[in-house]
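Hello,

Here is the structure I promised to pass on to you. Have a look at it first, and then read my notes below.

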Amino acid sequence: MAKKINKIAVLTSGGDAPGMNAAIRAVVRSCSYYNLGCVGVYRGYQGLIEKDFEDLTARSVRNIINKGGTFLKSSRSEEFKTKEGRKKAYKNLSDAGIDALVVIGGDGTFTGGLYFSGEFNFPIVGIPATIDNDINGTDYTLGYDTALNTVVEAIDKIRDTASSHNRLFLIEVMGRDAGDIALNSGIGAGAEEVLLPEEDGGIQRMMESLEKSKKSGKTSSIIVVAEGEKSGKNIFQLAEVISESHKEYDIRVSVLGHIQRGGSPSCFDRVLASKLGVGAVEALTDGKTNIMVGVDHKKVVHVPLETALKEDREFDQELRRVANITSV
């Protein structure tokens, strides 16, 4: 029989993502709605170890739904990776009368939660929050939509300059192992080519694409490059490769970097965060543990953390086909 849940803690861990504050808000207010205690943990798993706790009420989270980042702060804790560190965290939770934990983050966050839950039989539910959209079992992760719109807006502005000066811009976007941002922003912003971590042979196709562009009379081009693409070259080296055979272009490089993480979350991310925050609390009160709450065709679903952490995400070949067709 599952232990009755009376008090839930919530933390954010790993890289920040727009929508984290909205998810915290939804967790806290769900606890209030169901007459449960709620505790905010500052600085992720490190805060568990150092007992950096604060009781939260519905009023504690007012006016944060529109804020980027996370007011609970985030960090990566080396100490939590040790059994001794996790023992400290468990003792602090027990001493505070906390019965369950909601963790908001990506694969590293979920991995830590899975270890912790397995060692101490402690109820944990994860909310996927990463701009890379690289978690299995959910259509979207928190922050992805906002980051995507930030990238498209930036590329639109860069295109104005590219068109005015007959320039080729290589634009690097985030996506170490997943090309969702690159592929979708490339289509949305009308890029001539997209280089992705999921594919080999990106340079050859890029060069072929530039040749076609030259023959069709294009005087400027945008190439979107995911930071984890597989050519083995950084974006500045890619620019050198192009310049050797395409003297007609004035080549520029733009690395968007952490601008993609910031900013006010989109309406989509705020609604998604609210659905997942409520779903996380209700899953815990229903006796669920070691799961992630995600969305599948607009419905909240429960996904085992082990499944969420699998690395064999299916690449969207149809979207790649659309990108190839629309870039002619």
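**Aromatic rings**

One aromatic cluster is formed by Tyr45, Phe80, Tyr90, Phe116, Phe120 and Phe122. Before going further: this is a predicted model, where local features need pLDDT of at least 70 and side-chain atom pairs count only at pLDDT 80 or more, while totals for chains, interfaces and linings use all residues. Residues are numbered from 1 along each chain as its sequence is written, and side-chain values use heavy atoms, with hydrogens and water left out.

There are ten aromatic pairs in the structure (rings of Phe, Tyr and Trp, the last by its six-membered ring, pair if their centres lie within 6.5 Å; planes under 30 degrees apart are stacked, over 60 edge-to-face, the rest tilted). Tyrosine 33 and tyrosine 34 make an edge-to-face pair, because their ring centres are 5.0 Å apart and their planes stand at 85 degrees. Tyrosine 33 is exposed at 64% relative accessibility, and tyrosine 34 is partly exposed at 36% (buried is under 20% relative accessible area, exposed over 50%, partly exposed in between, with a 1.4 Å probe and protein chains only).

How are the rings of tyrosine 90 and phenylalanine 120 arranged? Their centres are 4.7 Å apart and their planes at 10 degrees, so this pair is stacked. The pair links distant parts of the chain, with tyrosine 90 in helix 3 (residues 83–95) and phenylalanine 120 in helix 4 (residues 107–120), 30 residues apart (helices are DSSP runs of H or I, at least four residues, numbered from the N terminus). Phenylalanine 120 is buried, with a relative accessible area of 17%.

Best wishes

Notes: Helices (H or I, at least four residues) and strands (E, at least two) are DSSP runs, numbered from the N terminus.
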